[in-house]
Amino acid sequence: MKSGRAYILTKSDAVMFFASLASTMRIIAPRKLVGGDVMFGAVSSPQEICWDYGHDIYPPKRFIFPHFEEMFSYTGDGNIEIRDSGEAPQQAIVGIRSCDVRAVRFQERFFLSQIEDPYFKARLDNTVLFSLVCNKPPRKECFCICCDAGPYLDSGFDVQLTDLGDRFLYEIGSDKGEKVTTQEAYMLKEAGPDDIAKRRKIELEADSLFETTAYIAKAINYISSDEVPPEVWEDLGSTCFRCGACTNLCPVCTCFTVDDLQRLDGSFIRCRSWDSCQYAGFTREASGHNPRPTFGSRVQRRFYHKASYQYIERDGTHGCVGCGRCVTTCLTHLGLPDVVKRIRRAMHNYLEPQQKVSEV
Amino acid sequence: MELTAAKPRKMWGVNVLPTGNLYIPMIAIIDEIVDETPDTKTFRLRLENEEYQESFSWEPGQFVELTVFGAGEAPIGFASSPLERAWFELTVVARGKVTQAMHSLRKGDKVGIRGPFGNCWPLETTKGMDILIVSGGCGSAPLRPAIFYILANRKDYGEFWLLYGARTPQDCVFKCDLTEWSGRPDVKVLQTVDVGDTSWHHRVGVVTTLLNDVQIDPSRTVAMVCGPPIMIKFTILDLIRRGLSEDRIVTSLERYMKCGVGKCGHCCINHVYLCTEGPVFTYQQIKTLPELEF
């Protein structure tokens with residue numbers, strides 16, 4: 001079993017494959033909840049895995065960078081004793097979509113470059129990603145094709161599965177993927193030319209089915225060069241409810257806040273939890289001074305981080321994978337494609353009078 | 001001359017503190033507490049583990065994340081001499097949850113320390129030049145280590161001006177130091193308050209008025225400025241008017257940094273992470289950044 005090669009895993013074998021995998025690590029996969037919603041969670045048997053789901057609105061990054069994470073605990077009395085609470089279970093995230101895999105890789109670059117984040121590293125080291133190709137865009141809000149993050153990947157995954165009807169195309173993309181395959185390698189066989197051709201057909205079809213587009217390049221220009229007038233940002237920010245859903249559902253967002261909380265037994269934990277640059281309290285200081293006081297300045301902050309050359313240079317790519325969660329969730333059209341569109345439209349209005357001035 | 005804020009020497013490697021995890025603080029003991037003003041105290045601290053304290057070296061301008069157990073963590077700049085190896089001092093104004101809890105602590109109590117983080121005042125690259133330090137209120141705390149360093153290596157520098165302003169005589173911090181420094185023939189100390197009283201026998205007026213008494217030679221002067229944003233703004237404007245170039249004006253920026261290591265995202269201004277790339281910047285580096293009051 002070699003990295004970079006494609007194999008075939010029949011769907012009946014897949015149950016056995018993941019059952020065998022479950023003996024060495026926990027399996028995180030999409031599973032149907034009582035009400036019919038599909039969300040990621042630990043599955044007790046592979047039959048629970050829901051293979052034909054759309055995507056999980058609550059990004060699976062939470063199994064590597066948890067929404068709420070205990071960092072360490074300490075006793076509160078005079079004699080301070082600190083205990084590291086970092087835990088990193090062996091896990092396989094099965095059925096994660098391409099955009100979310102790209103987002104995990106974005107976070108990997110961010111958290112492990114320059115100064116390594118120990119908690120993130122421990123969790124990621126123990127995680128294997130089995131991504132699942134989108135045969136068609138799961139939602140009409142999806143625009144991963146504009147962000148080089150799907151609907152299928154050529155790198156970034158440990159194993160990539162493509163649903164070919166009665167079988168999965170099983171591509172190995174990393175050493176970790178190779179290692180996790182070794183034990184159950186007897187279930188796999190080499191993919192034939194027909195399988196590859198079928199996969200190519202799926203790729204072409206999926207590419208043609210996207211309804212949402214984000215023409216982000218020009219917006220990146222405007223944002224990077226700080227050409228967007230403050231009035232445009234304030235106009236965009238004027239409808240923001242400050243709910244923070246856009247950043248809390250974003251699979252790329254990395255910001256966190258740190259708090260000390262008291263347990264019932266009197267000891268304390270220090271924990272970190274996701275934070276949002278859209279909250280007024282994000283930058284507020286103890287003196288009451290807030291360097292980012294307006295809705296507009298906070299919306300500007302969000303898009304500067306998502307779409308500016310300065311951050312592309314820093315992170316290697318712009319901070320959006322096109323999963324469409326901010327589009328789905330925002331009540332007031334502050335998802336990335338809408339904002340890009342509104343900036344482009346506003347800039348044309350702003351540019352026109354200037355051109356007239358220069359003509360005179 | 002190209003002048004950029006200096007990078008600190010790295011101790012203990014980039015990734016770990018001696019605790020083995022960069023988020024887990026080292027325990028420090030409060031040895032002494034000095035009341036500076038009604039809401040400001042200076043704490044003399046020593047790391048409980050002697051080995052840690054011996055290898056704990058830092059540069060003027062750097063900061064630590066101070067944990068008050070039971071309350072939380074806040075970034076605080078060093079305020080003592082970097083040459084003192086047995087202890088270090090932090091000057092804390094009681095403002096928020098953590099700093100108020102810090103003020104309730106007593107001698108012998110334990111706190112947590114992570115650091116040192118950030119870069120430092122350019123003290124190596126400015127040797128041979130005139131130094132002008134302008135500080136306002138408790139903004140003199142991050143500059144205090146730099147002053148100690150310059151005084152200890154006084155012959156390496158040219159003229160040394162020290163300008164200090166506060167709101168009222170009661171708000172003046174480091175009173176003993178200022179008295180001592182005023183007595184030295186090789187430092188020119190000027191002090192002012194916005195509102196004076198009968199006990200005050202220095203100047204009255206904002207700190208920028210003191211600049212009229214300083215003979216600045218723009219070709220060989222570096223200004224280090226720290227204080228409230230409004231004071232920094234007018235000081236920088238004044239210095240530029242007096243011919244100082246933008247890369248010779250150095251200041252220290254402030255945000256509520258939650259992690260200190262460039263991960264939590266709270267201290268970003270545009271793409272600049274103050275905790276790892278700052279907090280010390282030349283005016284040239286920051287003049288185009290938004291969200292600053294200057």
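Domain bounds here come from an automatic or database domain assignment. The model is predicted.

Q: Which residue ranges does the domain assignment give for chain A, and what distance separates the centres of domain 1 and domain 2?
A: The assignment gives domain 1 as 6-207 and domain 2 as 216-359. The centres are taken over C-alpha atoms. Their separation is 27 Å.

Q: How many residues of domain 1 of chain A are in contact with domain 2 of chain A?
A: A contact needs C-beta atoms within 7 Å. On the domain 2 side, 26 residues take part. On the domain 1 side of chain A, the number is 35.

Q: Which element supplies the largest share of the side of domain 1 of chain A that touches domain 2 of chain A?
A: Strand 4 (68-74) and helix 2 of chain A each supply at least two residues of that side. The side divides into 19 nonpolar, eight polar and eight charged residues. The largest share is nine residues, and the element is helix 2 of chain A.

Q: Is A:Gln107 buried or exposed?
A: A:Gln107 lies in helix 2 (residues 98-112) of chain A. A residue is buried if 20 or more other C-beta atoms lie within 10 Å of its own. A:Gln107 has 21 such atoms, so the class is buried.

Q: Which residues is A:Gln107 in contact with, leaving aside its neighbours within four places in sequence?
A: The contact cut-off is 7 Å between C-beta atoms. A:Phe40 is 67 residues from A:Gln107 in sequence and 19 Å away in space, C-alpha to C-alpha. The contacts of A:Gln107 are A:Lys61, A:Phe65 and A:Thr254.

Q: How many residues lie between strand 8 and strand 9 of chain A in their hairpin?
A: Five bridges join strand 8 of chain A to strand 9 (residues 167-172), and the strands run antiparallel. One of the partnered pairs is A:Thr162 with A:Leu169. In the turn, A:Gly165 has a positive phi of about 100°. The number of residues between the two strands is three.

Q: How many residues of strand 8 of chain A are buried?
A: Strand 8 of chain A covers residues 159-163. The strand is mostly covered. Of its five residues, the buried ones number four.

Q: What is omega for the peptide bond from A:Gly150 to A:Pro151?
A: Most peptide bonds are trans. A:Pro151 lies in the loop between strand 7 and strand 8 of chain A. The bond from A:Gly150 to A:Pro151 is cis, with omega near 5°.

Q: Where is B:Pro279 found?
A: A cis peptide bond joins B:Gly278 and B:Pro279, with omega about 5°. B:Pro279 is found in chain B, in the loop between helix 6 (274-277) and strand 15 (280-282).

Q: Why is A:Gln114 classed as partly exposed?
A: A:Gln114 is found in the loop between helix 2 and helix 3 (118-125) of chain A. Its phi is positive, near 60°. A:Gln114 is partly exposed because its count is 13.

Q: How many residues does the contact take from chain A?
A: Chain B gives 30 residues. They divide into 11 nonpolar, 12 polar and seven charged. From chain A the contact takes 35 residues.

How values were computed:
Residues numbered from 1 in each chain as written. Chains lettered and ligands numbered in written order. Predicted model: local features only at pLDDT ≥ 70, side-chain atom pairs only at ≥ 80, totals over all residues. Buried ≥ 20, exposed ≤ 12 C-beta atoms within 10 Å, placed from the backbone. Contact = placed C-beta atoms within 7 Å. Pairing = 2+ DSSP bridges. Nonpolar A, V, L, I, M, F, W, Y, C, P; charged D, E, K, R; others polar.
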